[in-house]
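Please keep the sequence and the structure in view while reading.

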Amino acid sequence: MNFTELLGHVGIFGGAVIVSLALLSVFSVAMIIDKQRRFSSTTRESEKFKPEFKKFLHGGDVQKLVEAARQHQNSHVAQVVSAGIVEYDGVVQGGGDPAASFELVTSAIRDSISETLIQLKRGLGFLATIGSTAPFVGLFGTVVGIINAFRSIAATGSGGMSVVSGGIAEALVSTALGIFVAIPAVVAFNQFTGKIEIFHVEMNRASSQLVNRLFKIPELKGLDLEEVEVKPSAVKKEGPAYATR
């Protein structure tokens, strides 16, 4: 008996289970392809953005960093850095004290990280649900198939292959299809979850580096201004003393 003949012996309940699993498989594959493309895009964009971010950390121009973030909007690192830069620039443009904007900048960065993680995790719950429930749906089809096989035996009074073939077909096809649907969903879910953890670490690292870079600049500028103001005053005080001598 080939596979086509096997499906021909499947009953109504078994067919409904098989159709449900087939639909779940289609949705699962579509979700896997979509998330793979999204994760590949954000990884590729982040790798292009990181050199510009490193230049900024070593004293580069902030305007170039903002332009790079706009060009790589799909990058998870660029989204976090852009949120911090925009908030910091808003305080500076508004005439506020940059050093006092620490809480605002860190809050904007945390919100950006949370929003980015939500976007990255969107759809993973669906994959997890498919991976965990598909075997049970297949098991339900298996039970229904076995019940139909025993009903056929009871109805005919014999246990020949032709009598139980329909129920056995339902059981075998449902079991195999349930496992076939669950395995890719579970593997993809674990893989994507691991990538999200890596993205989270990269965003946290970038946010820490950005905050350190932004809030060291005002302190250094303040120290430079104080030194410039002290030196002329010292010269003025020493001038008259030298003249009296």
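## A residue to begin with

The model discussed here is predicted. Leaving aside residues up to four places away in sequence, Ser25 touches Phe180 and Val181.

## The chain as a whole

The protein chain has seven helices and zero strands. Read from the N terminus, its elements run α-α-α-α-α-α-α. Of its 245 residues, 34% count as buried.

Contacts can also be sorted by how far apart the partners lie in sequence. Among contacts between residues at least 6 apart in sequence, 80% join residues that are at least 24 apart.

Two packed helices are described by the angle between their axes and the distance between the axes. For H2 and helix H4 (residues 76–93), the angle is about 50 degrees and the axes are 6 Å apart. H2 is therefore oblique to H4. On the H2 side, the contact is made by Arg38, Thr42, Ser46, Phe49, Lys50, Phe53 and Phe56, while H4 contributes His76, Val77, Ala78, Gln79, Val81 and Ile85. Sorted by class, the contact of H2 with H4 has seven nonpolar, four polar and two charged residues.

H2 also packs with helix H3 (residues 62–71), at an angle of about 170 degrees and with the axes 9 Å apart. This angle is over 145 degrees, so H2 is roughly antiparallel to H3. Here Glu45, Phe49, Glu52, Phe53 and Phe56 in H2 meet Val62, Lys64, Leu65, Ala68, Ala69 and Gln71 in H3. The residues of the contact of H2 with H3 comprise seven nonpolar, one polar and three charged.

## Aromatic rings

The count of aromatic pairs comes to six. In one of them, the ring centres of Phe39 and Phe192 are 5.2 Å apart and the ring planes stand at 70 degrees, so the pair is edge-to-face. Together with Phe199, Phe39 and Phe192 form one aromatic cluster.

Phe102 and Phe215 make up another pair, with ring centres 5.2 Å apart and planes at 70 degrees, so this pair is edge-to-face. Phe102 lies in helix H5 (residues 102–121) and Phe215 in helix H7, 113 residues apart, and the pair links distant parts of the chain. Phe102 counts as partly exposed because its relative accessibility is 36%, whereas Phe215, at 11%, counts as buried. A ring can also face a charge: the charged end of Arg213 sits over the ring of Phe56, 4.7 Å from the ring centre.

Gly167 is found in helix H7. With a relative accessibility of 3%, Gly167 counts as buried. Leaving aside residues up to four places away in sequence, Gly167 touches Gly145, Ile146, Asn148 and Ala149. The C-alpha atoms of Gly167 and Gly14 are separated by 8.5 Å, although these residues are 153 residues apart along the chain.

Val173 also lies in helix H7. Its relative accessible area is 8%, so Val173 is buried. Between the C-alpha atoms of Val173 and Thr142, which are 31 residues apart along the chain, the separation is 8.0 Å.

Glu67 and Glu52 are 15 residues apart in sequence, and their C-alpha atoms are 9.7 Å apart in space.

Definitions and conventions. Residues numbered from 1 in each chain as written. Predicted model: local features only at pLDDT ≥ 70, side-chain atom pairs only at ≥ 80, totals over all residues. Heavy atoms only, no water. Contact = heavy atoms within 4.5 Å. Phe/Tyr/Trp six-rings, centres within 6.5 Å; stacked < 30°, edge-to-face > 60°. Helix = DSSP H or I, 4+ residues; strand = E, 2+ residues; numbered from the N terminus. Buried < 20%, exposed > 50% of the residue type's maximum accessible area, 1.4 Å probe, protein only. Lys NZ or Arg CZ within 6 Å of the ring centre and 35° of its normal. Axes fitted to C-alpha atoms, helices over the stretch in contact; angles between N-to-C directions. Parallel < 35°, antiparallel > 145°, perpendicular 65-115°, else oblique. Nonpolar A, V, L, I, M, F, W, Y, C, P; charged D, E, K, R; others polar.
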